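Q: Can you walk me through this one? I'll ask as I go.
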Amino acid sequence: MTGPGSTVPAARRHRDPQHERWMRRALAVAAAEPPPVGAADVPVGAVVYDADGTELATGRNERELTGDPTAHAEILALRRAAARRGEWRLDGCTLVVTLEPCTMCAGALVLARVATVVFGAWEPKTGALGSLWDVVRDRRVNHRPAVYGGILADECAAALRTFFR
C-alpha cells in the first residue's frame, strides 16, 4: 500500500486496532469548533500518545487563527507534548494525524524522535510520508519512525472534502 503515485517503500500494512481508536480521537480533534475569528482552518487533527498509550497533547490546524504558517496540527501537538514532558525528545511516542504530514511536519517528527506515525488520508500534493516524498524513511536522516498510513482514510478524506465544498 503506497500513496498515490508513490515509488517509495510502502507504509506498513499491519494495523494495530488501537490505531483506529486513536484516529477517531484525531478526527474528533479536527472537528472541534475553532474560535469564531477570521477564516476557518483546514480541519486536520493530531494527537500525541506516550509509549504507554497516555494522551499527551492534541493539535488542530491554527494557521488562519494565528497567522502562523507553521501552526500545523502536527507541529502544535508536538510542541504541547514536549512541553508536557519537559523535553524535546519524544522517544517512544506516537503521533496520530488525520492527513499525511507535509515536509515541514515530517522533518519535525524526525527531529523530535517520534517512534511511530499513524496517519489517515493520503495527501498526493504535499505528502511527505510516501505520497510525494518519503522524508522519514530517507536513509540520510538520523531517526526513522515507523509509519502506518491510510488508517480510516475514507473518513479522514471525507472530513476534508466536506470542508473544501
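Q: What order do the strands take in the sheet, and what is the pairing?
A: The model is a predicted one, so local features need pLDDT of at least 70, side-chain atom pairs count only at pLDDT 80 or more, and totals for chains, interfaces and linings use all residues. Residues are numbered from 1 along each chain as its sequence is written, and side-chain values use heavy atoms, with hydrogens and water left out. The order is E2-E1-E3-E4-E5, an open sheet of 5 strands with mixed pairing. Two strands pair if DSSP finds at least two bridges between them. Helices (H or I, at least four residues) and strands (E, at least two) are DSSP runs, numbered from the N terminus.

Q: Which strands stand at the edges?
A: Strand E2 (55-60) and strand E5 (146-148); each has a single partner strand, so one side of each is left without a neighbour in the sheet. The twist averages 15 degrees from one strand to the next. Axes are lines fitted to C-alpha atoms, for helices over the stretch in contact, and angles run from 0 to 180 degrees between N-to-C directions.

Q: How many bridges join E1 to E3?
A: 4, between residues 45-49 of E1 and residues 94-99 of E3, and the two strands run antiparallel. Tyrosine 49 has threonine 94 in E3 as its bridge partner.

Q: Which residues of H4 are buried?
A: Cys105, Ala106, Ala108, Leu109 and Val110, in a helix that covers residues 103-111. Buried means under 20% relative accessible area, exposed over 50%, partly exposed in between (1.4 Å probe, protein chains only). The buried residues of H4 pack against helix H3 (73-85), E3 and E4. Arginine 113 follows H4 and has a positive phi, near 65 degrees.

Q: And where is proline 145?
A: In the loop between E4 and E5. Proline 145 is buried, at 5% relative accessible area. Its C-alpha atom is separated by 7.5 Å from that of arginine 113, 32 residues apart along the chain. Not counting residues up to four places away in sequence, proline 145 touches Val114, Ala115, Thr116, Val117 and Val136. Contact here means heavy atoms within 4.5 Å.

Q: Is threonine 98 buried or exposed?
A: Buried, with a relative accessible area of 2%. Threonine 98 is in strand E3.
A: Of the 19 residues lining the largest pocket, the closest to its centre are Val42, Val44, Leu99, Glu123 and Thr126. H5 gives the most to that lining, with 4 residues. On a 1 Å grid over the protein atoms alone, a pocket is an open set of points where a 1.4 Å probe fits, with protein on both sides within 12 Å along at least five of seven lines, and lining residues have an atom within 4 Å of a point.
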